[in-house]
Amino acid sequence: MSYRHLLAAAVLLNGSLLAVGYALLATPLRGRSPLAWISYCGVALLVGASTVGVVLCGLAVAGLRIDLTVFGVVAVLLVALGVAAAFALPPATRDRVAPASSGRLSSATPLGSVVAAAAGAAVVAVGVLLLASAFRSSPTLDDVWGFWLPKGIALGRLGLDPGLFLPGGAYQPFDHLDYPLWWSIVLGLSARLTGSLDLRIVDVELGVLVVAMLAAAARLLASRIRPAVLWPCLLLISVSPELHRQVLGGGADLALAVYLALFVLCGALWLAEGGLFELALAVVFGAAAVQIKTEGAPQLLLFAAVLSLAGWKVGRRRQLGLWGGVALAFASALPFLAWRQEHGLRNDISLRHALDPSFLAGRTERVAPAARALGHQLVNPHDWFLVVPAVLLLGVIGALRHRRMLWLAPAALVGVGYAFWIWANWGDTMNLRFRLETSAYRIVDATVLAAAFAVPFLVDRLLPGRPVTRGAEDG
Amino acid sequence: MVVAVSLAALALLAAPGRFPRPIRQIAQHSLNTRDPVPTAQLDVGALRRAARILPARATYAVVAPPNDPQLAHDLQGVAHLLFLPALPVAEPSRAEWLLRYQAAHPAAVKVVRTYRLGNGVVLERLQP
């Protein structure tokens with residue numbers, strides 16, 4: 001079986017997204033070394049994918065068919081805009097939005113260097129294997145061919161046709177009409193690029209997003225965490241069986257988790273350090289999150305609230321910056337929300353039910369099974385390996401040793417995500433057993449990954465020997 | 001070391017034939033197809049042949065065996081994906097085309113032309 005057309009489609013799509021991302025990062029990265037630019041490839045790809053997807057969502061609502069021509073024109077315009085900004089903006093402005101450091105911490109001991117090199121090589125190998133398996137698998141989740149991809153194909157061939165995207169029209173509509181369009185648009189473009197509707201491109205694209213997430217996290221943490229801690233922690237995340245299973249599933253939950261996790265990471269860095277670069281990234285990642293799935297919006301709000309509470313001492317400017325960023329991310333979704341409102345399209349899960357105490361009181365028998373199933377998904381090593389237990393254990397150790405509640409912020413994030421999904425299943429009207437069997441394993445993704453990037457921080461701060469030497473600083 | 005491990009992994013990706021069992025499990029060879037992988041036994045090849053015949057923006061209906069809800073569900077979804085930009089309607093009487101999947105002919109529709117796609121799958125052009 002030939003993979004040439006798959007490879008060509010993946011290279012074309014992700015090459016374009018990478019170009020857009022780098023163009024948008026050109027202002028903050030201008031003047032850095034080529035190696036520093038390369039180290040931002042994961043960030044650039046995710047920024048490009050988020051921005052292109054968000055713009056195309058708006059254009060779909062405006063009535064355009066989202067085909068390859070529109071995609072190409074949007075990509076070229078965004079590249080031109082990014083490059084023009086990099087040359088037109090004064091150096092003082094560029095400096096304000098530049099990352100504080102594009103360097104990395106170096107290992108203080110030979111053993112640290114060996115550990116970092118071995119773990120780093122293992123992460124790269126796991127990433128390559130993940131992509132290899134994605135190239136050899138059609139998506140296992142029926143939602144992908146049931147509605148995510150058909151919506152994307154329809155947006156490319158017919159546009160946002162009310163007959164297909166609204167109930168009660170002339171045709172049989174898609175399922176889950178309330179879901180935003182970002183993931184469908186990305187999948188639709190990917191599938192069109194294969195030329196023969198090859199569904200393996202779905203897994204490939206999800207695999208690319210996951211690998212880009214690991215690369216982006218490595219870049220953002222490399223100047224803050226010593227490598228002998230960073231790389232083993234990234235390995236811990238990357239070898240989680242559920243991560244690999246869900247790449248082969250092709251569902252939007254993992255794509256949502258990628259963007260929510262990076263929103264949390266960048267939001268936390270903004271609160272801790274006040275760098276505008278990280279705040280801008282948080283906005284871009286948050287914008288994608290609210291346009292991938294409906295549940296992205298409430299989770300974004302909850303995670304931002306946890307960040308805000310954990311950083312309550314940082315001062316008004318950073319708090320306002322965080323919430324301003326959240327508002328901007330939500331504003332990017334306004335076109336589709338307005339379209340939904342205009343056509344009376346409601347959420348599949350009724351918020352009125354979920355907030356009605358008398359409704360909830362009449363179905364309390366749903367709470368315990370939901371809590372059990374979701375808790376099992378969070379801590380079972382066959383699913384997310386040891387990520388969540390590590391977050392909880394390290395947080396408690398740090399809090400006890402340093403007598404600071406801040407150490408428990410990542411654990412609080414897990415608790416809030418867990419409570420949110422128990423509540424969502426409690427207020428839902430679908431058969432609980434069916435709901436949990438078909439979705440519990442994937443709805444916890446965002447909670448797990450958002451907390452996962454706290455593990456390197458917790459380990460690094462618990463181990464003795466900080467601060468360590470700084471190497472390869474440039475820019 | 002990073003380069004060596006990456007090259008080894010890339011070589012595995014490019015290598016033809018069967019992989020050792022652990023890698024085969026990771027790669028999920030049983031799913032290595034460009035087609036959707038439905039729960040029910042569905043002849044996706046026949047549906048792809050139907051997709052090549054259906055004109056763009058034509059309306060179609062799908063008829064599945066009444067005693068197999070999983071097949072009906074999967075057939076509906078896969079047809080929705082592969083037949084775009086043809087448009088699905090619920091009632092055969094409102095459709096220009098009819099896809100019968102191992103199912104009897106519904107009443108009240110007149111067939112103009114029949115395409116046999118194999119495995120009991122038939123695409124029919126209906127009289128308007």
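Helices (H or I, at least four residues) and strands (E, at least two) are DSSP runs, numbered from the N terminus. The model is predicted: local features need pLDDT of at least 70, side-chain atom pairs count only at pLDDT 80 or more, and totals for chains, interfaces and linings use all residues. Residues are numbered from 1 along each chain as its sequence is written, and chains are lettered from A in the order in which they are written.

**Exercise 1.** State how many helices and strands chain A has, and how its radius of gyration compares with the globule rule.

Solution. Start with the elements: chain A has 26 helices and two strands. Next, take the radius of gyration over C-alpha atoms; the globule rule is 2.2 Å times the number of residues to the power 0.38. The radius is 22 Å, close to the 23 Å that the rule gives for 475 residues, so chain A is as compact as a globular protein of that length.

**Exercise 2.** Find how much of chain A is buried, then look at helix H25 of chain A.

Solution. A residue is buried if 20 or more other C-beta atoms, placed from the backbone, lie within 10 Å of its own. Of the 475 residues of chain A, 53% count as buried. Now take H25(A), residues 445-452: eight of its eight residues are buried. Among them are A:Asp445, A:Thr447 and A:Leu449.

**Exercise 3.** Describe the side of chain A that touches chain B.

Solution. Contact requires C-beta atoms, placed from the backbone, within 7 Å. By that test, 34 residues of chain A are in contact with 32 residues of chain B. Helices H6 (110-135), H7 (142-157) and H12 (241-249) of chain A each give two or more residues to this side. H6(A) gives the most, with ten residues.

Note on methods:
Contact = placed C-beta atoms within 7 Å. Buried ≥ 20, exposed ≤ 12 C-beta atoms within 10 Å, placed from the backbone.
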